[in-house]
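Trainee: I have a two-chain model open and would like to go through it. Where do we start?

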Amino acid sequence: MNINLTIIGQAIAFFLFVVFCMKYVWPPITGALAERKKKIAEGLDAADRAERDLKLAQEKAANDMRASKEEAAAIIEQANKRANQIIEEAKQQARVEANRVKASAEAELEQEINRAKEALRAQVGALAIAGAEKILEASVDEKAHAQLVEKLAAEL
Amino acid sequence: MASGTVTSSEYISHHLTNLTFGNHPEKGWGFAHGAQEAAEMGFWAINVDSMIWSVGLGLLFVWFFRKVAKAVTSGVPGNAQNFVETIIEFIDENVKSIFHHKNPVIAPLALTIFVWIFLMNLMDLVPIDWIPYIAGQMGVSYFKIVPTTDVNVTGGMAFSVFALIVYYSIKQKGVGGFLKELSFQPLPKIFAPFNLFLEIVGLLAKPVSLALRLFGNMYAGEMIFILIALLPFWAQWVLSVPWAIFHILVITLQAFIFMVLTIVYLAMAHDDH
């Protein structure tokens with residue numbers, strides 16, 4: 001092992017390789033590593049954010065769903081109520097109408113009865129007079145006996 | 001594998017000798033023929049095989065990492081990018097846990113140290129005769145393929161780290177601060193000269209221990225592979241396979257230790273005491 005110029009040659013080569021490495025090898029590779037690290041960090045961030053967004057969206061969707069269900073239920077209830085009301089009103093109206101028809105029919109009937117009674121009374125009066133004329137064989141003064149006949153008819 | 005005409009000691013020393021190019025005082029410029037001549041060339045010689053393999057592997061490292069860095073994407077990474085990212089994150093984690101100052105040099109430095117030393121150590125797992133044999137056929141007499149078994153290679157890196165330690169110590173604390181740190185501890189101020197001596201020894205011990213730890217581990221590992229290679233070829237696997245498997249741990253661990261200690265030393269250089 002004799003020391004000779006090789007030691008200097010090796011030192012020069014060493015120096016050159018280190019300088020080369022420092023200028024052209026180390027910075028690009030570590031730069032890429034740092035950049036990848038950043039990218040991964042950003043990716044993880046984005047994933048977190050997306051997860052959070054998804055959760056929010058799901059919550060919102062659930063809320064919307066619940067709200068619309070409630071609304072639908074309210075509408076249905078209202079509709080039912082309205083339908084019942086309409087039916088109730090219709091029933092009421094029908095009842096009123098029926099009563100009215102019944103009342104008018106009764107009134108008409110009453111009138112008819114009265115008219116019939118009236119007619120009957122008149123005919124009975126006339127008949128009674130005629131009968132009485134026949135019985136008396138004499139003409140009765142209609143005017144003198146009208147009061148009597150009417151009294152008779154009212155008694156019928 | 002020892003051929004009949006080569007003795008064991010020749011085989012071992014052949015495998016432990018670098019291909020050295022330099023100016024021999026008697027034979028002039030040329031490749032050394034043996035360790036003896038290489039030593040005689042003195043300091044102004046160069047281990048060609050170490051340089052080829054270390055620079056080659058370093059280029060492989062920067063080429064591959066640059067290729068990935070160019071096509072890098074922050075989206076879904078491909079296989080190569082995944083692999084590179086794993087290494088980079090491993091290094092980055094280590095640096096961040098040890099080094100708490102802001103310095104853009106440290107992490108790429110640690111990456112270079114770890115991957116480069118790992119690759120150089122990895123050459124230890126290539127069967128030790130293959131490439132030297134091919135080189136021998138091509139007329140190259142010595143060809144060590146594990147650069148980290150050359151103390152010059154580990155020393156070159158360790159002393160570069162040492163230079164960085166001194167540079168950042170001075171940059172961070174100033175020359176005065178650095179000297180103060182060296183001379184006013186661990187003993188009280190009146191022992192400043194003694195402290196200074198102690199601390200300088202300690203400071204110098206850092207690169208020396210860095211260099212020798214890696215060199216020693218790899219040299220010893222290589223040596224054991226060489227010794228195993230002296231066995232008959234049908235018996236070698238009994239020892240070489242377990243040792244190679246164990247060595248996978250060693251080469252990774254040594255690369256890791258060199259890197260971590262570098263980070264620790266540089267963190268200490270940045271810290272104020």
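Mentor: With a definition: two residues are in contact if their C-beta atoms, placed from the backbone, lie within 7 Å. Keep in mind that this is a predicted model.

Trainee: Ok, how many residues does the contact take from chain B and from chain A?

Mentor: Chain B gives 43 residues and chain A gives 30 residues.

Trainee: Which element brings the largest share of the side of chain B that touches chain A?

Mentor: That is α3(B), with 10 residues. By class, this side of chain B has 26 nonpolar, 12 polar and 5 charged residues.

Trainee: Let's stay with helix α3 of chain B. How far apart are its end C-alpha atoms?

Mentor: They are 32 Å apart. At 1.5 Å a residue, the 23 residues of this helix, 48-70, should span 33 Å, so the two values agree.

Trainee: Which of its residues are buried?

Mentor: Among them are B:Trp53, B:Leu57, B:Phe61 and B:Phe65.

Trainee: And what covers the buried residues of α3(B)?

Mentor: The cover includes α1 of chain A, along with β3, α4, α5 and α7 of chain B.

Trainee: New topic. How many residues are in the largest nonpolar core?

Mentor: It has 67 residues, and B:Ala110 and B:Phe114 have the most contacts inside it. The largest share of this core, 13 residues, comes from α5(B).

Trainee: What is B:Phe114 in contact with, leaving aside neighbours within four places in sequence?

Mentor: B:Ile91, B:Ala255, B:Phe256 and B:Met259. Apart from this core lies another one of 8 residues, including A:Leu5 and B:Phe21.

Methods
Residues numbered from 1 in each chain as written. Chains lettered and ligands numbered in written order. Predicted model: local features only at pLDDT ≥ 70, side-chain atom pairs only at ≥ 80, totals over all residues. Helix = DSSP H or I, 4+ residues; strand = E, 2+ residues; numbered from the N terminus. Expected span 1.5 Å × (residues − 1). Buried ≥ 20, exposed ≤ 12 C-beta atoms within 10 Å, placed from the backbone. Nonpolar A, V, L, I, M, F, W, Y, C, P; charged D, E, K, R; others polar. Core = buried A, V, L, I, M, F, W, Y, C linked by C-beta atoms within 7 Å.
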